[in-house]
Amino acid sequence: MKYIWRAALMVAAVLAMLGLANCGRPSLGDAKLSDRQLNLEDYFAGKTVAYGQFKDRFGTVRRRFKVDIDGAWDGERLTLNERFAYADGSSETRNWVLTKTGADQWVGTAEGVQGQAQGREVGDTFNWTYTIDLPMPDGDSMRVDFDDWMWLQEDGRLLNIAYMQRFGVTLGEVTIFFEKRQ
């Protein structure tokens with residue numbers, strides 16, 4: 001009988017940890033802090049540059065990078081060619097094709113993405129979720145889930161915080177800011 005109680009306590013502890021892993025995340029229902037309207041097709045058409053870093057779940061910054069992005073909107077699809085340059089000298093390319101499926105709904109695909117990414121715009125906020133086989137510095141890849149949140153700032157920059165998980169366990173956060181190029 002004591003083994004059943006131990007097992008039940010372990011299951012409860014694991015469920016509690018998984019529940020806490022999602023605490024403190026944004027929601028599209030959060031109060032809006034501005035009256036700005038984010039339109040991905042307008043923001044990412046043309047040239048954009050982004051700077052970011054990955055911070056593990058313990059708060060240690062593990063990687064920094066710059067991304068040069070060329071975007072094209074054809075009235076239906078937004079194509080993004082992303083070229084990552086990492087501080088360690090490595091590089092990566094990712095090509096996204098995002099399709100607008102409604103007034104504020106998006107789906108997308110890119111190399112390594114499993115199925116389709118799903119996104120929604122509400123006011124100055126965009127939420128984007130997907131599972132990807134993420135290339136690792138050692139040449140291997142790791143399947144992870146991203147919960148990406150973007151907010152249009154008053155200076156025209158786009159702030160992005162992406163929560164990264166594997167098997168429901170938070171691995172860390174990616175923080176990025178995007179700037180339009182003229």
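Colleague: Which residues form one aromatic cluster?

Modeller: The model is a predicted one. A search of the whole structure finds 13 aromatic pairs. One cluster is formed by Trp-96, Phe-126, Trp-128, Tyr-130 and Phe-146.

Colleague: Which residues of the largest nonpolar core touch the most other members?

Modeller: The largest nonpolar core holds 34 residues. In general, nonpolar side chains of soluble globular proteins tend to be buried together. The core members that touch the most others are Phe-44, Trp-96 and Phe-146.

Colleague: Which strand gives the largest share of this core?

Modeller: The core in question is the one of 34 residues. Its largest share amounts to five residues, and these come from strand S7 (residues 125–135).

Colleague: Which tryptophan is in contact with Trp-96, leaving aside neighbours within four places in sequence?

Modeller: Contacts of Trp-96 beyond its sequence neighbours include Leu-78, Leu-80, Gly-108, Ala-110, Val-113 and Tyr-130. Tyr-130 also belongs to the aromatic cluster that contains Trp-96.

Colleague: What is the angle between the planes of Phe-65 and Phe-84?

Modeller: Phe-65 lies in strand S2 (residues 61–73) and Phe-84 in strand S3 (residues 77–86), so the pair links parts of the chain 19 residues apart. Phe-65 is buried at 10% relative accessibility, and Phe-84 is buried at 11%. Their rings are 5.9 Å centre to centre and form a tilted pair, with an angle between the planes of 55°.

Colleague: Is Arg-94 buried or exposed?

Modeller: Arg-94 is placed in strand S4 (residues 91–100). Beyond its sequence neighbours, Arg-94 is in contact with residues including Leu-80, Phe-84, Ala-110, Ile-132 and Leu-134. Its relative accessibility is 9%, and buried means under 20%, so Arg-94 counts as buried.

Colleague: Which side chain is joined to that of Arg-94 by a polar contact of 2.5 Å?

Modeller: Glu-82 and Glu-111 are among the residues in contact with Arg-94 once neighbours within four places in sequence are left aside. The polar contact of 2.5 Å, however, joins the side chain of Arg-94 to that of Glu-92.

Colleague: Over which ring does the charged end of Arg-63 sit?

Modeller: Arg-63 also takes part in a polar contact of 2.9 Å between its side chain and that of Ser-90. Its charged end is 3.7 Å from the centre of a ring, that of Tyr-86.

Colleague: Where does Ser-90 lie, and which side chain makes a polar contact of 2.6 Å with that of Ser-90?

Modeller: Ser-90 lies in the loop between S3 and S4, and at 27% relative accessible area Ser-90 is partly exposed. Leaving aside neighbours within four places in sequence, Ser-90 is in contact with Arg-63, Phe-84 and Ala-85. The polar contact of 2.6 Å joins the side chain of Ser-90 to that of Asp-88.

Colleague: What separates the C-alpha atoms of Ser-90 and Phe-65?

Modeller: Phe-65 is a buried residue, whereas Ser-90 is partly exposed. The two residues are 25 apart along the chain, and their C-alpha atoms are separated by 9.4 Å.

Colleague: What is the relative accessible area of Thr-48?

Modeller: Thr-48 is placed in strand S1 (residues 46–56). Not counting residues up to four places away in sequence, Thr-48 touches Tyr-43, Val-67, Asp-68, Ile-69, Phe-178, Glu-179, Lys-180 and Arg-181. Thr-48 is buried, and its relative accessible area is 2%.

Colleague: At what distance from the ring centre of Tyr-43 does Lys-180 lie?

Modeller: Tyr-43 and Lys-180 are both among the residues that Thr-48 touches. Lys-180 lies over the face of Tyr-43, and the distance to the ring centre is 6.0 Å.

Colleague: What is the phi of Phe-167?

Modeller: Phe-167 lies in the loop between strand S9 (158–166) and strand S10 (169–180). With a relative accessible area of 70%, Phe-167 is exposed. Although Phe-167 is not a glycine, its phi is positive, at about 55°.

Colleague: How many strands does the protein chain have?

Modeller: From the N terminus on, the elements run α-α-β-β-β-β-β-β-β-β-β-β. The chain therefore has two helices, and its strands number ten.

Conventions. Residues are numbered from 1 along each chain as its sequence is written. This is a predicted model: local features need pLDDT of at least 70, side-chain atom pairs count only at pLDDT 80 or more; totals for chains, interfaces and linings use all residues. Side-chain values use heavy atoms; hydrogens and water are left out. Helices (H or I, at least four residues) and strands (E, at least two) are DSSP runs, numbered from the N terminus. Buried means under 20% relative accessible area, exposed over 50%, partly exposed in between (1.4 Å probe, protein chains only). A polar contact is a pair of N or O atoms within 3.5 Å; within protein, one must be able to donate a hydrogen and the other to accept it, and residues adjacent in sequence count only if both atoms are side-chain atoms. Contact means heavy atoms within 4.5 Å. A nonpolar core is a set of buried Ala, Val, Leu, Ile, Met, Phe, Trp, Tyr and Cys residues joined through side-chain atoms within 4.5 Å. Rings of Phe, Tyr and Trp (its six-membered ring) pair if their centres lie within 6.5 Å; planes under 30 degrees apart count as stacked, over 60 as edge-to-face and the rest as tilted. A charge sits over a ring if NZ of Lys or CZ of Arg is within 6 Å of the ring centre and within 35 degrees of the ring normal.
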